[in-house]
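This briefing accompanies the structure shown below and is arranged by topic. Please read each point alongside the sequence and the model.

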Amino acid sequence: MRTYETVFILDPDLTEDDSEKSIKRVQTVLEGQKGKVILTDRWGKRKLAYRVKKKLKGNYVRIVYYGEPKVVAVLERNLRIMEEVL
């Protein structure tokens, strides 16, 4: 198994509970693909370099995990369909 790191940006207008649910969903996807989450680092709200979905700020989250190479493809596909992710 290899170590991977993914940074994704959540909608800044989400409540704290909704943000936690989104992060738990990402962790569930990883664990469903036999990956293991090592670290979940919440960087907080930061300014974006340019507007994304009409937002100037985003809530940054970094996840470090172990997994097989196919885990990355599955995670990216799920992040694209999640409406909370910018």
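In this predicted model, strands E2 and E3 form a hairpin with two residues between them, and Lys53 in the turn has a positive phi of about 50 degrees. The two strands, residues 36-52 for E2 and residues 55-67 for E3, pair in the antiparallel sense over 11 bridges.

**The hairpin and its turn**

- Lys53 lies in the loop between E2 and E3, and its phi, near 50 degrees, is a positive value in a residue other than glycine.
- Lys54 is also placed in the loop between E2 and E3, and it too has a positive phi, of about 65 degrees, although it is not a glycine.
- Lys53 counts as exposed because its relative accessible area, 52%, is over the cut-off of 50%.
- Lys54 is likewise exposed, with a relative accessible area of 75%.

**The sheet and the helices packed on it**

- The strands make up an open sheet of three, in the order E1-E3-E2, with antiparallel pairing.
- E1 and E2 are the edge strands, each of them pairing on one side only.
- From one strand to the next, the twist of the sheet averages 20 degrees.
- Helix H1 packs on the sheet, where it touches E1, E2 and E3, and its direction makes about 130 degrees with that of E2.
- Helix H2, residues 69-81, also packs on the sheet, touching E1 and E3, and its direction makes about 5 degrees with that of E1.

- The buried residues of H2 are Val71, Val74, Leu75, Asn78 and Leu79.
- Seen down the axis of H2, these buried residues fall within an arc of 135 degrees, so they line one face of the helix.
- The elements against which the buried residues of H2 pack are E1, H1 and E3.
- On the other side of H2, the exposed residues include Lys70, Arg80 and Ile81.

- The structure holds two aromatic pairs, and one of them is formed by Trp43 and Tyr60.
- Trp43 lies in strand E2 and Tyr60 in strand E3, so the pair ties together parts that are 17 residues apart in sequence.
- Trp43 is partly exposed, with a relative accessible area of 35%, whereas Tyr60 is buried, with a relative accessible area of 16%.

- Asn59 has its place in strand E3, and it is buried because its relative accessible area of 15% is under the cut-off of 20%.
- Not counting residues up to four places away in sequence, Asn59 touches Phe8, Ile9, Leu10, Ser19, Gly44 and Lys45.
- Asp11 is found in the loop between strand E1, residues 2-10, and helix H1, residues 16-32, and it is buried, with a relative accessible area of 17%.
- Leaving aside neighbours within four places in sequence, Asp11 is in contact with Lys55, Glu84 and Leu86.
- A polar atom of the Asp11 side chain lies 2.9 Å from the backbone nitrogen of Asp13.
- Asp11 and Ala73 are 62 residues apart in sequence, and their C-alpha atoms are 22 Å apart in space.

Technical notes:
Residues numbered from 1 in each chain as written. Predicted model: local features only at pLDDT ≥ 70, side-chain atom pairs only at ≥ 80, totals over all residues. Heavy atoms only, no water. Pairing = 2+ DSSP bridges. Helix = DSSP H or I, 4+ residues; strand = E, 2+ residues; numbered from the N terminus. Buried < 20%, exposed > 50% of the residue type's maximum accessible area, 1.4 Å probe, protein only. Contact = heavy atoms within 4.5 Å. Polar contact = N/O pair within 3.5 Å; in protein donor to acceptor, adjacent residues only side chain to side chain. Axes fitted to C-alpha atoms, helices over the stretch in contact; angles between N-to-C directions. Arc of directions from axis to C-beta. Phe/Tyr/Trp six-rings, centres within 6.5 Å; stacked < 30°, edge-to-face > 60°.
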